[in-house]
Amino acid sequence: MTLRDAPRRAGTEVGRRPYGGSVAIHCAMLGERVRGEDRWYLLTDGTWVATPSRSIETEGVPRPC
């Protein structure tokens with residue numbers, strides 16, 4: 001997963017996490033479409049990630065940003 005500083009593809013890449021790894025989600029919002037998905041997740045470390053919903057498991061529904 002590519003981590004960005006803003007919820008859009010033009011956001012600066014600030015890191016990467018391996019697929020299958022764990023991340024802590026703060027909230028979610030709709031944004032720019034990436035690979036057919038338009039949901040972006042704000043992680044608790046302040047970075048953003050867009051990933052297909054089939055690739056992410058959550059404990060409940062993330063609150064809206």
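1. In which loop is the place of alanine 10? Alanine 10 sits in the loop that runs between strand S1 (2–4) and strand S2 (13–16), where strands are DSSP runs of E with at least two residues, helices are runs of H or I with at least four residues, and both are numbered from the N terminus. At 69% relative accessibility, alanine 10 counts as exposed; the term exposed stands for over 50% relative accessible area, buried for under 20%, and partly exposed for what is in between, with a 1.4 Å probe and protein chains only. Although alanine 10 and glutamate 32 are 22 residues apart along the chain, their C-alpha atoms are separated by 9.8 Å.

2. A word on the basis of these remarks. This is a predicted model, in which local features need pLDDT of at least 70 and side-chain atom pairs count only at pLDDT 80 or more, while totals for chains, interfaces and linings use all residues. Residues are numbered from 1 along each chain as its sequence is written, and side-chain values use heavy atoms, with hydrogens and water left out.

3. On the overall fold, the chain has five strands and zero helices, so that the order of elements from the N terminus on reads β-β-β-β-β. The radius of gyration of the chain is 11 Å, close to the 11 Å given by the globule rule for 65 residues, so the chain is as compact as a globular protein of that length; this radius is taken over C-alpha atoms, and the rule is 2.2 Å times the number of residues to the power 0.38. Along the principal axes, the C-alpha atoms fill a box of roughly 30 × 20 × 20 Å.

4. Turning to the interior, buried residues make up 31% of the 65 residues in the chain. The largest nonpolar core has seven residues in all, namely Met1, Leu3, Ala28, Tyr41, Leu43, Val49 and Ile56; such a core is a set of buried Ala, Val, Leu, Ile, Met, Phe, Trp, Tyr and Cys residues joined through side-chain atoms within 4.5 Å. A second, separate core of six residues includes Cys27, Val34, Trp40 and Ala50. In soluble globular proteins, nonpolar side chains tend to be buried together.

5. Arginine 16 is found in strand S2 and is exposed, with a relative accessible area of 57%. Not counting residues up to four places away in sequence, arginine 16 touches Met1, Thr2 and Leu3, a contact being heavy atoms within 4.5 Å. Leucine 3, with its neighbours within four places in sequence left aside, is in contact with residues including Arg16, Leu43, Trp48 and Val49.

6. Arginine 35 deserves a look in the loop between strand S3 (25–34) and strand S4 (37–43). Its phi is near 50°, which is a positive value in a residue other than glycine, and arginine 35 is exposed, with a relative accessible area of 63%.

7. Proline 64 lies in the segment after strand S5 (48–50) and, at 64% relative accessibility, counts as exposed. The C-alpha atoms of proline 64 and aspartate 5, which are 59 residues apart along the chain, are separated by 18 Å.
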